[in-house]
Amino acid sequence: SALAAYQVFLDRFPDDARAEEARTLMNDLAQVEAYREYEAAMAFFDSKNWSVAVDELTKVMNKYPDSEIVYGCKTNIASSYEQLGERKKALELFDEVIRDWKDIEAARPAVFFAELHKRWIEAGN
């Protein structure tokens, strides 16, 4: 309901001095919601329900493509494929993580994880 209230404010007063603050707060609320859904999807990953984890993390990633949770989503989807024995899919996703996010500070842990697992898979582990 807070998001809806901020949107009403912005619709009525887009040039108000507090419009930028409202946009920032809306973004912050969206990040919180994205993280909440990410944590719910990760419950499947943590319980080693790899196929469901892939589906749920994909839904979250697609729903919040501009959120920082996409880094964790894609990396854990790749890891799930790795656990399912689908190494080609895992490698493709790990390569995407490395290629697309290597210069993004917030993605550094995901890139590091992807690099480690890529080397591990390529080494035959």
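From the N terminus on, the elements of the chain run α-α-α-α-α-α. The secondary structure comes to 6 helices and 0 strands, where helices (H or I, at least four residues) and strands (E, at least two) are DSSP runs numbered from the N terminus. This is a predicted model, in which local features need pLDDT of at least 70 and side-chain atom pairs count only at pLDDT 80 or more, while totals for chains, interfaces and linings use all residues. Residues are numbered from 1 along each chain as its sequence is written, and side-chain values use heavy atoms, with hydrogens and water left out.

**Overall dimensions**
- The chain has a radius of gyration of 18 Å, whereas a compact globule of 125 residues would have one near 14 Å; the radius is taken over C-alpha atoms, and the globule rule is 2.2 Å times the number of residues to the power 0.38.
- The C-alpha trace spans about 60 × 30 × 15 Å along its principal axes.

**Burial and contacts**
- Of the 125 residues, 36% count as buried (under 20% relative accessible area; exposed is over 50%, partly exposed in between; 1.4 Å probe, protein chains only).
- Among contacts (heavy atoms within 4.5 Å) between residues at least 6 apart in sequence, 43% join residues at least 24 apart.

**Ser 80**
- Ser 80 is found in helix α4 (residues 69–83).
- The relative accessible area of Ser 80 is 0%, so Ser 80 is buried.
- Not counting residues up to four places away in sequence, Ser 80 touches Phe 45, Trp 50, Ala 53 and Val 54.
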